[in-house]
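Here are some friendly notes to read alongside the model. Please keep the structure open as you go through the points.

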Amino acid sequence: MNVRRPLAVLTAGLVLSLSACGGGGAGSTDGASSSSAKPEDITVGVAMPTQTSERWIADGKAVKEGLEKAGYKVDLQYANDDIPTQGQQIDQMITKGDDLLILAAIDGTALSSQLDAAKAANIKVISYDRLIRDSANVDFYVSFDNYKVGVQQGTALLTGLGLLNADGSKGTATGPFNVELFAGSLDDNNAGFFWNGAFDTIKPFIDSGVIKIKSGQTKIDEAATLRWQQEVAQKRMEDLLTSAYSDGSKVDGVLSPYDGISRGIITALQNAGYGGSGNKMPIITGQDAEIASVKLINDGVQYATIFKDTRKLAEQAITVAEAYLDGKEPEANDTKTYDNGVKVVPSFLLQSDIVYKDNIKPLLVDSGYYTQAEVDAGQAS
């Protein structure tokens, strides 16, 4: 899969400051940087979970390109969603003497020994988008406001059903609507934030009877999708259709937390006749603005997704890396929310956007994230 997304151009000041910073890490006796170290003498280890998702390919590429523009060496590794492989990759980064680690964990609870080793070697650890749990040795967290992402997913569902207007005011639809709920992988700390934000948003409509969860599956562990896998979501949707909708009733909406899950849901629904003549596709949400799903939105199949601009996330990770490699403390804009079970990890949270068919162009095309040709084709060049 060859996915291209341009990294947003770093400001001249950021590039210059990155180029001038020093590096600490495995060779440092006190964890502080050496003012004499040059960027080309510093290696940053970057661990990403998988190459089966467009999103993680884009993240890895953006972080790598940004660091290399500043003159650093980058040790980028993908673990193909295999937890032992990722652990081994990070072990090797530490053994080789990488000076700083940027880690997007497959399982946020599985890296304690690696983080202990990083701490012993005075290597700072930046947790990237997925919070690493159960360790005091996570130095910083960069992500989006994940509870708000969930709120946006719930809002998109309600808007598609006509229960809310685009401006947030009350819509004219009265229901009742049959809705099914999907959650992410329970080993990803973000899954709970997405679920809570979305569920809190739609719960008043469930309580009033306007939204009915016909399957009765309203708990996150019932709705979870292991490793966020498309085929797992497809199978669960097929099972829901068999168990709860064999009486001829129809699904009106599906809360989905990720575009890959959404595509699995869509496949199951299409196989059951949804989207055909006289049988419209339910309102389906998503996340990550993957190009295949953006095309589905443009074609009126998927209703919405959440755009988390990986260019901005990569820039923020680089900014944090710059501070640590220069012996400084990075700026946090949240010091209360992200408790990993051992400590509250200082964080910098970015904002996301809801993508509907009518704002694909201003959000994704005009910003340079995709070209119109890519949206039309459903494939990044």
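How much space lies in the largest pocket? The answer opens the numbered points below.

1. The largest pocket holds about 430 Å³. On a 1 Å grid over the protein atoms alone, a pocket is an open set of points where a 1.4 Å probe fits, with protein on both sides within 12 Å along at least five of seven lines. Its volume is the space filled by probe spheres set on the points, which are joined across faces, edges and corners.

2. A word on the source: this is a predicted model, in which local features need pLDDT of at least 70 and side-chain atom pairs count only at pLDDT 80 or more, while totals for chains, interfaces and linings use all residues. Residues are numbered from 1 along each chain as its sequence is written, and side-chain values use heavy atoms, with hydrogens and water left out.

3. Back to the largest pocket: 26 residues line it, and T52, S53, R227, W228 and Y258 lie nearest its centre (a lining residue has an atom within 4 Å of a point). The lining divides into 12 charged, 9 polar and 5 nonpolar residues. Here Asp, Glu, Lys and Arg count as charged, Ala, Val, Leu, Ile, Met, Phe, Trp, Tyr, Cys and Pro as nonpolar, and the others, Gly among them, as polar.

4. Which helices supply at least two residues each to that lining? They are α2 (54-69), α6 (189-207), α8 (230-244) and α9 (259-271), and α2 gives the most, with 3 residues. Helices (H or I, at least four residues) and strands (E, at least two) are DSSP runs, numbered from the N terminus.

5. S185 is worth a look too, in the loop between β6 and α6. S185 is buried at 1% relative accessible area (buried is under 20%, exposed over 50%, partly exposed in between, with a 1.4 Å probe and protein chains only). Leaving out residues up to four places away in sequence, S185 touches A191, T225, L226, R227 and W228, where contact means heavy atoms within 4.5 Å.

6. An open sheet of 4 strands runs in the order β7-β6-β8-β9, with parallel pairing. Because β7 (211-212) and β9 (283-284) stand at the edges with a single partner strand each, one side of each is left without a neighbour in the sheet. Two strands pair if DSSP finds at least two bridges between them; β6 (residues 177-181) and β8 (residues 253-255) are joined by 3, and V179 stands opposite G253.

7. Helix α5 (residues 146-161) lies across β6, β7, β8 and β9, at about 175° to β8. Axes are lines fitted to C-alpha atoms, for helices over the stretch in contact, and angles run from 0 to 180 degrees between N-to-C directions.

8. Strand β11 (residues 347-350) is covered on both faces: S347 and L349 on one side, F348 and L350 on the other, are all buried. Strand β5 (residues 140-144) runs parallel to β11 and is joined to it by 4 bridges, with S143 opposite L349.

9. Finally, some backbone details to check. Most residues other than glycine have a negative phi, and most peptide bonds are trans. G175 and P176 are joined by a cis peptide bond, with omega about 0°, and P176 sits in the loop between α5 and β6. D81 has a positive phi near 60° and is partly exposed at 21% relative accessibility. A289 has a positive phi of about 50°, and A289 is buried at 0%.
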